[in-house]
Structure formats: C-alpha cells, structure tokens
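I opened my notebook to get to know a structure that was new to me. Here is what I looked up, entry by entry.

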Amino acid sequence: MDHFSLIDGAMHCEGVPLSVIAEQVGTPVYIYSTAMFERHARAFRDGMAAAGNVHLAYAIKANPNLAVLRLLAKAGYGADVVSGGELARALAAGIPAADVVFSGVGKTEGELSTALDVGLGQFNLELEEEGVVLAGLAAAKGMIADAVLRVNPDVDAGTHAKISTGKAENKFGVPIDQAPAIFARLAALPGLAMRGVAIHIGSQLNDLAPLEAAYTRVGELIAEIRGMGLPVDRVDLGGGLGVPYRAGEVFPSPAELGAMVARVTRAWGVRLMFEPGRVIAGNAGVLLTKVIWVKPGVTNPYVIVDAAMNDLARPALYDAWHDFAAVRPTGARMTANIAGPVCESGDTFAMGRDIDAVARGDLAVFRTAGAYGATMASTYNSRALVPEVLVDGDRFAVVADRILPETILAAERIPDWLKA
Ligand code: LLP
C-alpha cells in the first residue's frame, strides 16, 4: 500500500493531510512516511533472508535525517557511512559503531583515526595505500582494524553514467585482477585484519544481470585469495537496487535479488553484507510544493512551483523523472512544463508533461523523493535549506528545520580591510 494517497479527495501521508503540514510548516517541505520506511526495511530484510547470515548496513547517504536513522536502527539496520559527518550521525542515532561500515574513496587520515577510536565495525578500503595508512594508525593505537578490499569488477551496471561505479574507468575500488596481490600485501600488515572484499557497481539498477556478473567475479576472487592461504569470512555486496519513479515501471524485488544472491553465493561460506539506500528510502518520501504561478509558454504553460533544483537536484543532475501529483486533484489534466524559481533553465523538473491540472496557490508533490532528495539540497540563489517532516499514523514532527537565508548569512563576514 502507498501511504501517500487520496482520502476524501485530498492527499494524505498516512493519516495526516498534506495541507495541514503545508499550513504549519510551509512549503517546500520533504515529508516521510514511517510506515513506508518500516515496510521497505522489512521487505529488504525478508528478501535477503534466503541468502542466510546477512548484515544490513543502510547507506546513510540516501537519507541521513537523524529521525530516519533512528527508525532504521530500531528496525535492526546498521549503517554504511562515507564521511566523518555520516559516522557522527549514525552514532547519534544510536547505531552501534560495530554495526557501521565505512565506505568512500577519499577517507582522510583524521576520519580513519576517529573511526578507529569509536570502534567502527569495518573499513572498506579503496586503495592499497589507504590500507597501509589505516594499519599504521591502528598499530599506533594498539588496535587491529577489520577491513575488506573494495574491488572494481569492470561491469557495466546499465544505469546513468553519473551513478555507475563498477566500470574500470570509475574511481572506485581496485582492479579485480590486482586484488589478490594487494589483499595479500595488506593482510601481512600488523594493525589490519583483512576479512574479505566489497563491491558496489552502481545505483538505480533495473536489471539483476550485471549484479550477478559482478558477484560471480567476486566468487572467483574469493577462491583465488583462499588459494593463497588467506581467510575470507565477509563479503559486502553493496547497494544499488533501483525503485520505480514512474507509474508502470517494474524493478526487481528484494526477494528476486535475494534469490539470485542465494544461488550465486551458496558455496562462499561467508557473512554477507548489503548497503541498500534508495530501495529503503526512495518511495518513503515526497517533496511537497506550492504552485506560485502558471505562466503562459510558447508551446505549454510553465507551472512555476516553490521547490527548485536546490531542493531536489535529481532532475537537473541526472535528468531524473519524479511523478508530479496535485494534493487535491480535480480530475482535470493539463500538459505543462514544471519549473522552479531558480535563475537557470536547468531548474526544470519536467517538460511537456501530462499532469493533474493545477492553478496558482495549489499544493502538489514530487513523488519518490525520499532518497537523494533533502540530503542533496543546497542554498543556491540564497534560498532556505528545505525542512523535513516525519509522519507516523496521525501525528507528525518537523525532523529538520528550515534553515533560513538569514542564518546562512550570519555565518559569513566582511573582512576588516573591506569594511572601510
Ligand atoms: N554503497 C556504496 C558504496 C554506494 O556508493 C552507494 C551509493 C550505496 C551503497 C547505496 O546505493 P543505493 O542502494 O542507494 O543505490 N545521488 C544519486 C545516487 C548516488 C548513489 C551513490 N552511491 C541519485 O540521486 O540517483
């Protein structure tokens, strides 16, 4: 069941009318459904159960809101973090450090050191030198860091170029053919316990075949590493499962992914780990916006809404589609372009789209905005940083304030020499 649906002709999130949130919090605003987060978390866990002993590390980057992390922690999820900031969030949300894995191609020495100090569960190493530095830091602290080596399998994930990560030319991981030698050299260092390998080939994947190809290569790699007399007891299979953004799109389900994983990894004898992000958060959120003007255009009218590319960057960055729906649809339709107030033509959410007819002052939502939405927001054009609301049944709470332009301005200053 979709928890963003019409009740008596007006869109609700669970039991709360979106118009009430608009009145009390203003627009634009991100709205998340607790029930949908919980359902997706459960569906992914159930799907992976076929693959045996798994550790689920929610990819915080998809939606790092503290309240969201808390509810996923309660659902038994650990975290995949990619910065010291994300690590701090995971801990603040009550996720045990031991359940956190640290990914990311540019971890600084400071971040590695802090992660050791808090007792991080696993470092996903992106290059040999990172392992050498980590081993040195850990040894100096009298610690042993658990680590896995991220490999680049050179597989085309078949997704948008900007979110593909497993091709040889991408910046991520070590080339899989060099992995055994690098693994062996790192395994010999004091301060480091090399536990296995990690992989993540891209995001918004709509086909299991590239994942299966990549996992199969990982299986061969495990055999090769073990053949060198080195143990492998963990494999991190990353995230990447896509979600439908347009009505009618069909994606592989967590259960289908789990069945494939079970088949491919049956003989591995390791603890599997997953880093799902979008599949947990994507459809659990919408961006609520208000129509400022309907402006006549050459071919179609422009619906100018109060959300912009700084609030939801995905259409401008990846040509992404987000369904647009009126909060109080009349049944009438219109063909329109949908754009925000930011002063560039890239601030356009859709061109020539068939949508619910809307007029000045109407409320509408961009759907499937729970992942890579608020977290990618900026203050471009000196706009506020968009707030976030979490709904649970009939209640809701503002879980991130609107950061006003005044607050951002207050952090800037004119140096003395320019004051005169
Ligand atoms: N693990 C690693 C190492 C990753 O790099 C990512 C995503 C994930 C897990 C989670 O992937 P997911 O399950 O969400 O597909 N901003 C882009 C997506 C960037 C994804 C980056 N890495 C977008 O809005 O489409």
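This is a predicted model: local features need pLDDT of at least 70, side-chain atom pairs count only at pLDDT 80 or more; totals for chains, interfaces and linings use all residues.

**Entry 1: Thr368.** Thr368 sits in the loop between β19 and β20. I then checked its backbone and noted a phi near 50°, a positive value in a residue other than glycine. I wrote a reminder beside it: most residues other than glycine have a negative phi.

**Entry 2: Glu14.** Next I turned to Glu14, which also has a positive phi, about 50°, although it is not a glycine. Glu14 belongs to the loop between β2 and β3. Is Glu14 buried or partly exposed? I counted 19 other C-beta atoms within 10 Å, so Glu14 is partly exposed.

Entry 3: I followed the strands on either side and found an open sheet of three strands, ordered β1-β2-β3, with antiparallel pairing. Which strands stand at the edges? They are β1 (4-7) and β3 (16-17); each has a single partner strand, so one side of each has no neighbour in the sheet. Between β1 and β2 (residues 10-13) I noted four bridges. Ile7 stands opposite Ala10 in β2.

**Entry 4: a cis bond.** I checked the peptide bonds and picked out the one joining Thr27 and Pro28, which is cis, with omega about -5°. Pro28 lies in the loop between α1 (18-25) and β4 (29-33). My side note here: most peptide bonds are trans.

**Entry 5: two domains.** I looked up the domain assignment, which gives domain 1 (4-32 + 282-410) and domain 2 (34-280). Their C-alpha centres lie 32 Å apart. Across the boundary, 23 residues of domain 1 are in contact with 23 residues of domain 2. On the domain 1 side, α11, β20 and β21 (395-400) each supply at least two of the touching residues. The largest share, four residues, comes from β20. By class, I noted 13 nonpolar, six polar and four charged residues on that side.

**Entry 6: the ligand.** Where does the ligand lie relative to the domains? Domain 1 and domain 2 both give residues to the shell around the ligand, so it lies between them. I noted 22 residues surrounding the ligand, the closest being Ala59, Ser203, Gly239, Gly277 and Tyr372. The elements that give two or more residues to this shell are α10 (278-281) and α11. The shell divides into eight nonpolar, nine polar and five charged residues.

Entry 7: I went to the UniProt record, an unreviewed entry, which places a "binding site" at Arg278, Arg314, Tyr318, Glu344 and Tyr372. These positions span 95 residues of sequence and are also spread in space, up to 27.8 Å between C-alpha atoms.

I looked at two of them in turn. Tyr372 is in the loop between β19 (363-366) and β20 (388-392). Tyr372 counts as buried because it has 24 C-beta neighbours inside 10 Å. Leaving aside neighbours within four places in sequence, Tyr372 is in contact with Ala62, Arg278 and Arg314.

Tyr318 is part of helix α11 (residues 314-318). With 16 C-beta neighbours inside 10 Å, Tyr318 counts as partly exposed. Not counting residues up to four places away in sequence, Tyr318 touches His160, Lys162 and Ile163.

Definitions and conventions: Residues are numbered from 1 along each chain as its sequence is written. UniProt positions are given in the numbering used here, feature names are shortened, and annotations may be inferred rather than shown by experiment. A residue is buried if 20 or more other C-beta atoms lie within 10 Å of its own, exposed if 12 or fewer, and partly exposed in between; C-beta atoms are placed from the backbone. Two residues are in contact if their C-beta atoms, placed from the backbone, lie within 7 Å. A residue is near a molecule or strand if its C-beta atom, placed from the backbone, lies within 6 Å of it. Ala, Val, Leu, Ile, Met, Phe, Trp, Tyr, Cys and Pro count as nonpolar, Asp, Glu, Lys and Arg as charged, and the others, Gly among them, as polar. Domain bounds come from an automatic or database domain assignment. Two strands pair if DSSP finds at least two bridges between them.
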